[in-house]
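Welcome, and thanks for taking a look at this structure. Below is a short briefing to read alongside the sequence and the 3D view.

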Amino acid sequence: MYASIPVHRKEFSGGKSSVPLLSDDRLFPADAAARSIARQLYASVKDLPIVSPHGHTDPRWFAENANFPDPAQLIVVPDHYIFRMLFSQGVPLERLGVPRVDGGAVETDPRAIWRLFAEHYHLFRATPSRLWLDHTFESLFGLDAPLSASTADLYYDAIDAKLKQDDYRPRALYERFNIEVIATTEGALDDLRWHAQLKQSGWKGRVVTTYRPDSVTDPDFEGFRDNIRVLGEITGCDTGTWQGYLEAHRRRRAFFRDHGATATDHGHPSADTANLSADAAAKLYQIVTSRDATPDEARLFRAQMLTEMAKMSVEDGMVMQIHAGSRRNHSADIFARFGRDKGFDIPGRTDYVQALKPLLDAVGLEPNLTVILFTLDETVYSRELAPLAGVYPCLRLGPAWWFFDSPAGMRRFRELTTETAGFYNTVGFNDDTRAFPSIPARHDVARRVDCAYLADLVVAGQLRDDEAAELAHDLAYRLAKCAYRL
């Protein structure tokens, strides 16, 4: 581990700053005419309800509605955007309170974690995390002094005091954020107890689940064969057979739909699909469930299961999301010590044209199928994804995803896909986050970027004013509701 680069900067001495953390015109065009149009478009959509159709917030928060414990646990510890940046500058994850797989010692003093975060806050300059965090600090907690080592305690005390209030509990924040619906993501073996508790609570907020079957469709997933056994036990299906295994998925999907799910989610290294005969698929299933699969066998089984999930979506109407291209858990050491989702998922080159063809040949023209494609490989936006979504009725393009869910990344997404796929083969925005307080900030960034893009098109004579206004509303709200059948 190497030491962080020394930075010479003037520290704020405390109290109030004369300059707000956020500019009212942030992310709007520099051109005066376009900026004026962007302001008008943004004013028309900034207060629309938030539809959050994909993310990783914890349903337990809403079920129990307990106060968040402290600023560190709310903002720092669960957010891999934060701790991966600090780790890159030599800060051990243990010092940030990130739990170890073996239960080993980590920092438990939330104020110490917060001070360490504040000391390194300069690392986030010009990053999307900085935008989200400053928005949260100013809009949610009323803070306008820049965060630094010298203001760490001022921030901690102000946030901590508010978190003890009833109007900062999860349900109150959900309502304050103007969230209309939020989707969580649970694994195929989850008992969905928190969703069941929510359903029985009488609370009017809408929190739905999403079916994520990777643990029982990916032979490389830790405990894969044991997971298959548990899948059989909880569904009453004979997962020793291929047909019994598929029936187990159907039953779990139905169980998830009973708890509000409208979508599935699949996080595979590639977008490879396959359409084997029933006999060939059954033989492959026996191989991957009887011994450790080879890399080729594991890849083929994942590919077959994407097609099987698409066929089931034709049957039950669940929207299918494919988050392909992430080389997950790139550091074997970090994965062994801290587990999944610790900032070491890295983008990789990804093919979609050939990879998706078996699935599309099988069910790509079915009218009841919606497949939302995400990528971490921007080079395929205009070459592959936009042409595919621009012709196959089942395909939609998910918004710019991790590493590219940034102002510049969102802008590039629009520039590279709109000419071929248009706006209406996209699905608006989703925040895909575990960091609950950042949700309104992330949606605000997306709305500003889209309004800026639309404003430029108006100035260039490519859109009329009324078309831009309608599109701003659709991109901020309607497309997500329609695509995810919410």
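The buried residues of helix 7 pack against helix 3 (71–76), helix 5 (110–119) and helix 6. Helices here are DSSP runs (H or I, at least four residues), numbered from the N terminus, buried means under 20% relative accessible area, exposed over 50% and partly exposed in between (1.4 Å probe, protein chains only), and a contact means heavy atoms within 4.5 Å.

This is a predicted model, in which local features need pLDDT of at least 70 and side-chain atom pairs count only at pLDDT 80 or more, while totals for chains, interfaces and linings use all residues. Residues are numbered from 1 along each chain as its sequence is written, and side-chain values use heavy atoms, with hydrogens and water left out.

- Helix 7 has 12 residues and reaches 16 Å from its first C-alpha to its last, close to the 16 Å expected at 1.5 Å a residue; the expected span is 1.5 Å times one less than the number of residues.
- Its buried residues are A152, Y155, Y156, I159, D160 and L163.
- Seen down the axis of helix 7, these buried residues fall within an arc of 120°, so they line one face of the helix; the arc is taken from the directions from the helix axis to the C-beta atoms.
- L147 sits in the loop between helix 6 (128–141) and helix 7 (152–163), and it counts as buried because its relative accessibility is 7%.
- Among the residues that L147 touches are W114, F117, Y121, A152 and Y155.

**Nonpolar cores**

- The largest nonpolar core has 98 residues, and Y245, F301 and L454 have the most contacts inside it. Such a core is a set of buried Ala, Val, Leu, Ile, Met, Phe, Trp, Tyr and Cys residues joined through side-chain atoms within 4.5 Å.
- Helix 19 (residues 439–459) gives the most to this core, with 10 residues.
- Apart from it lies another core, of 52 residues, including A63, L116, I179 and I182.
- Contacts of L454 include L41, F423, L463 and L475.

**Aromatic rings**

- The count comes to 33 aromatic pairs. Rings of Phe, Tyr and Trp (its six-membered ring) pair if their centres lie within 6.5 Å; planes under 30 degrees apart count as stacked, over 60 as edge-to-face and the rest as tilted.
- The rings of Y81 and W132 are an edge-to-face pair, because their planes stand at 90°, with centres 5.1 Å apart.
- This pair links distant parts of the chain, with Y81 in helix 4 (residues 80–88) and W132 in helix 6, 51 residues apart.
- Y81 is buried at 12% relative accessibility, and W132 is buried at 4%.
- W61, F62, F68, Y174, F177, W203 and F436 form one aromatic cluster.

**A buried asparagine**

- N227 lies in helix 11 (residues 224–235) and counts as buried, at 14% relative accessibility.
- A polar atom of the N227 side chain lies 3.1 Å from the backbone oxygen of S215.
- The backbone oxygen of E222 lies 3.4 Å from a polar atom of the N227 side chain.

**Positive phi angles**

- L27 is not a glycine, yet has a positive phi of about 75°; L27 is found in the segment before helix 1 (32–45) and is partly exposed, at 28%.
- N65, in the loop between helix 2 (59–64) and helix 3, has a positive phi near 55° and is buried, at 18% relative accessibility.

Note on methods: Helix = DSSP H or I, 4+ residues; strand = E, 2+ residues; numbered from the N terminus. Polar contact = N/O pair within 3.5 Å; in protein donor to acceptor, adjacent residues only side chain to side chain. Lists of a residue's contacts leave out its neighbours within four places in sequence.
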